[in-house]
Amino acid sequence: MKPVNVIGIGYIGLPTCLMLAAHGTDVVGTDLNARLVDRLNGGELTFEEKGLPELFEQAKAHVSFSTRYAATDFYIIAVPTPYVKESKKIDAKYVVSAVQSVLAVCDEDAIICVESTISPGTIDNFVRPLAEQSGKRVHLVHTPERIVPGNMVYELVHNSRTIGADEAAAAARVETLYSTFCQGEIVKTDIRTAEMSKVVENTFRDINIAFANELSRICHREGIDVRELIAVANRHPRVDILSPGPGVGGHCISVDPWFLVGDYPDITPVITAARQVNDGQPAFVIERVREIMAAKGISDWSRVGLYGLTYKPNVDDVRESPALQMLECMDEQGLELPVCYDPFVTDTLSARQVHDFDAFLAASDLVVVLMGHRQIKEKAALLGGKIVFDTCAALGGQAEFML
């Protein structure tokens, strides 16, 4: 059998490559980043993820990495899908480029499976015309990824998967491949429904987070403990309010709802409002910091410390993180940059970032906890003597100030 070619070997493509290979499928992972390809071929993983080193070891006999596209009959495209900030519409350039490259080398009757999260209609508007213009007979499929950093390996195996296809035979071919590792239910539907399903899943979560964040603002104004309020309200059998936080990050929840706003601006007021609330939460946190500084007699923003630069606990993924949104907002407001630190982030992302926890504490009078990494919980005792503003309940309600 010919190998499966996975295009884009980042946060989604790499675990997918390794999972397939670990279950006996020959896989070529393709990425245009030659340094990334060289590192992987040298046995070095490119990001941290629970269970990924073990999976890499199991996969080595069946996986290789290249900057070239393979001439084969099965492709999985897992490239980024940003949005255009002005119009809120999807920017499909990476998907388009990948599909064009695949069509140049693929076999007749090849499966081209787009895993990237895309707005409803992307296959029809961007991908199908390319296939038709190529003159090749190929089968277009959409299988939206459904995994989260920090638990990717488990979720690849156990989560339900959706296959959107034009033809039952193509869907069956994809199901056969994914069934080599997926133990969750595999649901087959049409392409547009599959496209919509992933966007809707993340939009649902975004709206619910926005409600919790809006409650945090209301409760702050009224002097109510928002977390106690939520705990009381959630005792109702049909109420399940989420917890507020410093904002929404990652490449899914903070991006995908905009696809619907961009395509349906006249009929998405709730989705738009939710996005505005969540995008505005970092600015709300800054205002809370300003209030705490005034109450505690602190005037020097350089003595404020931001703990946690990632968008999720215990991962190294900083995409669209609340901390980076806060730093951008502070820069726009002309504020002196605070010191910042994250045990999972080795790259320097801010001029005042430090890479040692003790150095971070020494430079901070007010510690703003933005991410509940296990480290801050284990070292909570070291925060004694510091003013602590816990925005994500990482310290179990022990901080002087809570969001």
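Predicted model: local features only at pLDDT ≥ 70, side-chain atom pairs only at ≥ 80, totals over all residues.
Me: What is the radius of gyration of the chain, and what does the globule rule give?
Reply: The chain has 14 helices and 13 strands. For 403 residues the globule rule gives 22 Å, and the radius of gyration is close to that value, so the chain is as compact as a globular protein of that length. Along the principal axes, the C-alpha atoms fill a box of roughly 70 × 50 × 40 Å. The rule gives 22 Å, and the radius of gyration is 23 Å.

Me: How far apart lie the centres of the positive and negative side chains?
Reply: The chain has 37 positive and 54 negative side chains. The distance between the centres of the two sets is 1 Å.

Me: Where is Asp109, and is Asp109 buried or partly exposed?
Reply: Asp109 is not a glycine, but its phi is positive, about 65°. Asp109 sits in the loop between helix H4 (93-105) and strand E5 (110-114). Its relative accessible area is 28%, so Asp109 is partly exposed.

Me: Which loop holds Asn314?
Reply: Asn314, a residue other than glycine, has a positive phi near 65°. With a relative accessible area of 26%, Asn314 is partly exposed. Its loop is the one between strand E9 (304-307) and helix H12 (322-332).

Definitions and conventions:
Residues numbered from 1 in each chain as written. Heavy atoms only, no water. Helix = DSSP H or I, 4+ residues; strand = E, 2+ residues; numbered from the N terminus. Buried < 20%, exposed > 50% of the residue type's maximum accessible area, 1.4 Å probe, protein only. Rg over C-alpha atoms; globule rule 2.2 N^0.38 Å. Lys, Arg positive; Asp, Glu negative; His and termini not counted. Charge placed at Lys NZ, Arg CZ, Asp CG, Glu CD.
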